[in-house]
Amino acid sequence: MKQIAYNRYANYEYFILEKYEAGIVLEGSEVKSLRAGNCNLKDSFCFLRGGELTIKNLHIPVYDKAGAFSTKDSKRDRRLLMHKSEIAKLAGKINEKGFTLVPLSLYFSGSLVKVEIALCKGKQNYDKKRTIAERDQKRALDRELKNYK
């Protein structure tokens, strides 16, 4: 499993409740661009439309060696592949207030590209401040333990 991109911003902005794995529909030039390590997940999110799961704002730059037939839109909507029962289960949870689907990482599983998506609930400002304070305390503790040895 080779990781292509990871969304660190999601851990800061959301409480992650459940994680799911989904396939993604891509073109050949997009896969080549991903193999080169070009991808940005920061502003992307998932939504349901017509019983299908779609990822929006996933930035995969145009592969520079692709011919004239490649897709020119690098932020197009891409379809995610999951079982209908999983999508139905997610649909019930997304309809509750405050829940959203956010992609956490993009990786190769063998020769296939997979997306790890998470059911998340948004954090308030005081939750974000608490997260920063806990991270600073952990960093200070690790620094002290390193100096102690």
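Everything shown comes from a predicted model.

**View 1. Helix 2 and what covers its buried residues.** Helix 2 runs through residues 28–35, and its buried residues are Ser29, Glu30, Ser33 and Leu34. Look down the helix axis and these buried residues fall within an arc of 145°, so they line one face of helix 2. Among the elements covering them are strand 1 (2–6) and strand 5 (78–81). Strand 6 (99–109) and strand 7 (112–122) also belong to that cover.

**View 2. Thr54 in strand 4.** Here we zoom in on Thr54, which sits in strand 4, residues 52–56. Its relative accessible area is 6%, and buried means under 20%, so Thr54 counts as buried. Leaving out residues up to four places away in sequence, Thr54 touches Phe45, Cys46, Phe47 and Arg49, along with Asp77 and Arg78.

View 3. Lys128 is part of helix 4, which spans residues 125–148. Is this lysine buried or exposed? Lys128 counts as buried, because its relative accessibility is 12% and the cut-off for buried is under 20%. Its side chain makes a polar contact with the side chain of Glu13, at 3.1 Å. Setting aside neighbours within four places in sequence, Lys128 is in contact with Tyr12, Glu13 and Lys123.

Note on methods. Residues are numbered from 1 along each chain as its sequence is written. This is a predicted model: local features need pLDDT of at least 70, side-chain atom pairs count only at pLDDT 80 or more; totals for chains, interfaces and linings use all residues. Side-chain values use heavy atoms; hydrogens and water are left out. Buried means under 20% relative accessible area, exposed over 50%, partly exposed in between (1.4 Å probe, protein chains only). Helices (H or I, at least four residues) and strands (E, at least two) are DSSP runs, numbered from the N terminus. The arc is that of the directions from the helix axis to the C-beta atoms. Contact means heavy atoms within 4.5 Å. A polar contact is a pair of N or O atoms within 3.5 Å; within protein, one must be able to donate a hydrogen and the other to accept it, and residues adjacent in sequence count only if both atoms are side-chain atoms.
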